[in-house]
Amino acid sequence: MAAASGTNDLSSEMELDAFRRLFPLSFHERHLLESIRPDGRPLGRARDTSLSLGAVASANGSALAKIGCTTMLAAIKLEVMTPTVEAPDEGCIAIDFHMPPICSPLIRPGRPAEVAPVISKQLSDTILSSGTIDLKELCLVSGKAAWMAYLDIYCLDADGALFDAALLSAVAAFSHLQIPVVSLNDDGRIVLVSEENGGSMKEKEPVNKEKIKLKMNSQPFSLTCILHKNYILADPISEEESIMETYLTVVLDTNYQLVSLNKPGGPGLASTSSIQDCIALAQKRVKELQQILSEAISDMEVD
Amino acid sequence: MAGKLGAAAATYSPSTGQRRKRPTIQTGSELARPDGRGLHQCRPAFLKTGAVNSASGSAYAEFGNTKVIVSVFGPRESKKAMMYSNAGRLNCNVSYTTFASPVRGQTPETKDLSSMLHKALEGAIILKSFPKTTVDVFALVLESGGSDLPVITSCASLALADAGIMLYDIVASVSVSCIGKNLLIDPVSEEEVHQDGALMITCMPSRNEVTQMTVTGEWSTTKINEAMQLCLDACSKLGKIMRSCLKEAASAPQD
């Protein structure tokens, strides 16, 4: 940054670094006056985002999402469960978000991060309430067997906007999910139908011949924005999150319907107009993310 | 949270309903390995430094289906109220993702892996170079595909080098399984399940020093010698790959 402007002396660069550490707020505000952020982005732009599907071979569905440096690995494992009496033809989804100590210097083993359960809860609320996945799709034999989908999301590198990246990786993992073909054996247990010895006569008819891919309705995507004075900063990095503490997360589905809006306190208050600005930014972001997801899916189909 | 929910629902993962057979190798001189490798051929290794930006140093290692990320933090203030020490401290922690193993939740005990990793690396680090402080080495196994500990150890030493921690030499680690009369280098999980004995060597290839060696199971002396030689050769090859990975990272233009 500073090195590019002049090769003249090291001292100006040192001062800049010291200024950044000693007065982080004024350092950022000086940038905001010029409508730019320390990493060179305009205020409303999110970082470069990439997705790759099928990163984990031992899972039924998986995806790796990267937003800038923030990296999330989501994987789904399917297991069989007995449905509850209240909902005999519905499966279940269990969502867990983990922050292992590798992802940030602030997390030590044995002392889990406070934000992890919060994000975990937010993710399950968003995914289960948005109607993206019809739990009836996970049913195998009504009243007897259904899929339990364990979705585990690991943060591999934490650099801000954790919820956005986690949700993106979760949605991508569901689009990659492949449901194995299974049949019901004589003991009433579900067994896999192996492809190699499909000719063996003993095996029963598969119970789910058709459902190899999970059908998804409108998918949710999110954008987190920092509200600071009159500025709105989209997709903050962790440095910005630690300095300016008021943020707002907007979740929209692909029809731009609002799924969730979350502003967990903070010293700043949000005005109606700034909330509307955030939603407008989120709409633009949803378009980008949809494009990235469909590219990732078509990339995988080519391979 | 969700784990408890899962336990209450008593789920199981569907199997093919067939017993896994021991690979048919007893009599034959050449057995076929599940991935079609030769007996003395290691899996292709992919190594990359700088996988985690927020760490002081990090590395990603992929050996076949075994995928590991290691982050190094520090040297930084020792957290616990510890005695004064002129030498630095090393703190290691290994964990597994819930989807690392084929069946969810069947991950190995990580306490002993952490302590094995600590012992393997301790001898290679110049602890005197960071007195009174701690270096944290955290490993996460994304996918467990066999020979996990050797991959973790090698990856951790690469991450330490990436973090600029002073080392006597990089540490390379390779294991060998003994099945019947055969020695299989760099075994995958299926082979590890059926092994009669295992031998692992962790060494510093350019100094020709071994930092850790474990032998388990049934071995004859000649077999041990043979296996050790195999491991040491493989370690020096792996050491070269690790070195070239570090050189590549250092010569790449920094942005």
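Predicted model: local features only at pLDDT ≥ 70, side-chain atom pairs only at ≥ 80, totals over all residues.
Among contacts in chain B that link residues at least 6 apart in sequence, 69% join residues at least 24 apart. The secondary structure of chain B comes to five helices and nine strands, which, when read along the sequence, follow the pattern α-β-β-β-β-α-β-α-β-β-α-β-β-α. Of the 255 residues in chain B, 49% count as buried.

One helix pair of chain B can be followed in some detail. Helix α3 of chain B, residues 148-162, packs with helix α5 of chain B, residues 221-251, at an angle of about 30°, and their axes are 11 Å apart. Because angles under 35 degrees count as roughly parallel, α3(B) is described as roughly parallel to α5(B). The crossing of these two helices, α3(B) and α5(B), is right-handed. On the α3(B) side the contact is formed by Ser154(B), Ser157(B), Leu158(B), Ala161(B) and Asp162(B), which meet Leu238(B), Met242(B), Cys245(B) and Leu246(B) in α5(B).

Turning to the nonpolar cores, the largest has 68 residues, and the members that touch the most others in it are Phe97(A), Met99(A), Leu123(A), Leu151(A), Ile153(A) and Phe174(A). Helix α5 of chain A, residues 162-176, contributes the largest share of this core, with eleven residues. Apart from this core lies another, of 52 residues, which includes Val68(B), Cys155(B), Leu183(B) and Ile201(B). Within chain A, and leaving aside residues up to four places away in sequence, Ile153(A) touches Met72(A), Leu73(A), Ala74(A), Asp96(A), Phe97(A), His98(A), Leu123(A), Ala166(A), Ser169(A) and Ala170(A).

A last stop in chain A is Pro236(A), which lies in the loop between β10 (231-234) and α6 (238-243). Since buried means under 20% relative accessible area, Pro236(A), at 0% relative accessibility, counts as buried. Not counting residues up to four places away in sequence, Pro236(A) touches Arg37(A), Arg47(A), Asp159(A), Gly160(A), Ala161(A), Thr224(A), Ile226(A) and Glu241(A). Glu86(A), by contrast, is 150 residues from Pro236(A) in sequence and 43 Å from it in space, taken C-alpha to C-alpha.

Note on methods. Residues numbered from 1 in each chain as written. Chains lettered and ligands numbered in written order. Heavy atoms only, no water. Core = buried A, V, L, I, M, F, W, Y, C linked by side-chain atoms within 4.5 Å. Buried < 20%, exposed > 50% of the residue type's maximum accessible area, 1.4 Å probe, protein only. Helix = DSSP H or I, 4+ residues; strand = E, 2+ residues; numbered from the N terminus. Contact = heavy atoms within 4.5 Å. Axes fitted to C-alpha atoms, helices over the stretch in contact; angles between N-to-C directions. Parallel < 35°, antiparallel > 145°, perpendicular 65-115°, else oblique. Left-handed = near helix turned anticlockwise from the far one by under 90°.
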